[in-house]
Amino acid sequence: MPKTTSSVIRLAKTRDATTIAELSRSQIENELPWRWKPARVQHHIRTTDSTVIVSESENVLSGFAITSFADTTAHINLLAVNPMFRRLGIATSLIRWITLSCQVAGIGCIRLEVRVNNTGAIECYANLGFQMVGVRKGYYEGREDAQLMTLMLISSDMEARRPK
Ligand SMILES: CC(C)(COP(=O)(O)OP(=O)(O)OC[C@H]1O[C@@H](n2cnc3c(N)ncnc32)[C@H](O)[C@@H]1OP(=O)(O)O)[C@@H](O)C(=O)NCCC(=O)NCCS
């Protein structure tokens, strides 16, 4: 397992969809029905209200994130890092990339759900300023609860002053 690596982040291409879907199945949707199949990932790569980014390390697709955008909020749908490349700051870089894009786009808040027992991911998000704002009971097929986390990018005062 590499202890250091140099990684680049880029927008996903349609040819990345299968690798992303397989990472989702093995690293996120394990023990759940496989919902993020290649066609669904391809849709998110193509559509303009989502962004799919990947990290590449040593010519391997080492991580990815899929984010959907509404007018003033964004939602991180999925994010995972290949086990061979963990604890190297790749998730941190992916989340920072998303955060910066949201700031440029005037997004006020990023939301996500994570399994309540996924303490590593919760710590990773918390390190970047995400706060635990609630629990969604049975969110994962009724089998497991989700921790809802949000990162506020602008104050609630500023949000209230946004033109309607
Ligand atoms: C959670 C996950 C995305 C983290 O990816 P990563 O690239 O290893 O994370 P980073 O290297 O950026 O970690 C940054 C910090 O987060 C925390 N962290 C990350 N993984 C952790 C773990 N397994 N246990 C405890 N803390 C962890 C640490 O504070 C870490 O800093 P450190 O390595 O200096 O101690 C990765 O483990 C993963 O893909 N897990 C399976 C899928 C998943 O849980 N996705 C998120 C929910 S959808």
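How many of the 5 residues of strand β1 are buried? The number is 0, so β1 (residues 7-11) lies largely in the open. The model described here is predicted.

## Overall fold

The chain contains 5 helices and 7 strands. Along the sequence these elements follow the pattern β-α-α-β-β-β-α-β-α-β-β-α. The radius of gyration is 16 Å, close to the 15 Å that the globule rule gives for 164 residues, so the chain is as compact as a globular protein of that length.

Taken along the principal axes, the C-alpha atoms fill a box of roughly 45 × 35 × 35 Å. Of the 164 residues, 29% are buried. Among contacts between residues at least 6 apart in sequence, 55% join residues at least 24 apart.

## The sheet

The 7 strands form an open sheet with mixed pairing, in the order β1-β2-β3-β4-β5-β7-β6. Its edge strands are β1 and β6 (131-140), each of which pairs on one side only. On average, and with direction ignored, neighbouring strands of this sheet are turned by 25° against each other.

One of the residue pairs here is Ser 7 with Ser 57 of β2. Strand β2 also pairs with β3 (residues 60-69), again in the antiparallel sense, over 8 bridges. In that pairing Glu 56 stands opposite Leu 61 of β3. As background, strands of a sheet pair through backbone hydrogen bonds, either parallel or antiparallel.

Elsewhere in the sheet, helix α4 lies across β5 (109-115) and β7 (144-152). The helix runs at about 165° to β5.

## Surroundings of the ligand

The ligand is surrounded by 20 residues, of which the closest are Arg 86, Ala 91, Thr 92, Gly 120 and Cys 124. By type, the shell divides into 11 nonpolar, 6 polar and 3 charged residues.

Elements that each supply at least two residues of this shell are α1, β4, α3 and α4 (119-127). Helix α4 gives the most, with 5 residues.

## His 75 in strand β4

His 75 is found in strand β4.

Leaving aside residues up to four places away in sequence, His 75 touches Thr 67, Ser 68, Arg 111 and Leu 112. Phe 64 is 11 residues from His 75 along the chain, and the C-alpha atoms of the two are separated by 14 Å.

## Loop residues with positive phi

Most residues other than glycine have a negative phi. Glu 31, which is not a glycine, has a positive phi of about 70°. Glu 31 lies in the loop between α1 (17-28) and α2 (38-46). Because it has 8 C-beta neighbours inside 10 Å, Glu 31 counts as exposed.

Arg 87 is also not a glycine, and its phi is positive at about 60°. The loop that holds Arg 87 runs between β4 (73-81) and α3 (90-105). With 11 C-beta neighbours inside 10 Å, Arg 87 counts as exposed.

Terms used: Residues numbered from 1 in each chain as written. Predicted model: local features only at pLDDT ≥ 70, side-chain atom pairs only at ≥ 80, totals over all residues. Helix = DSSP H or I, 4+ residues; strand = E, 2+ residues; numbered from the N terminus. Buried ≥ 20, exposed ≤ 12 C-beta atoms within 10 Å, placed from the backbone. Pairing = 2+ DSSP bridges. Near = placed C-beta within 6 Å. Nonpolar A, V, L, I, M, F, W, Y, C, P; charged D, E, K, R; others polar. Contact = placed C-beta atoms within 7 Å. Rg over C-alpha atoms; globule rule 2.2 N^0.38 Å. Axes fitted to C-alpha atoms, helices over the stretch in contact; angles between N-to-C directions.
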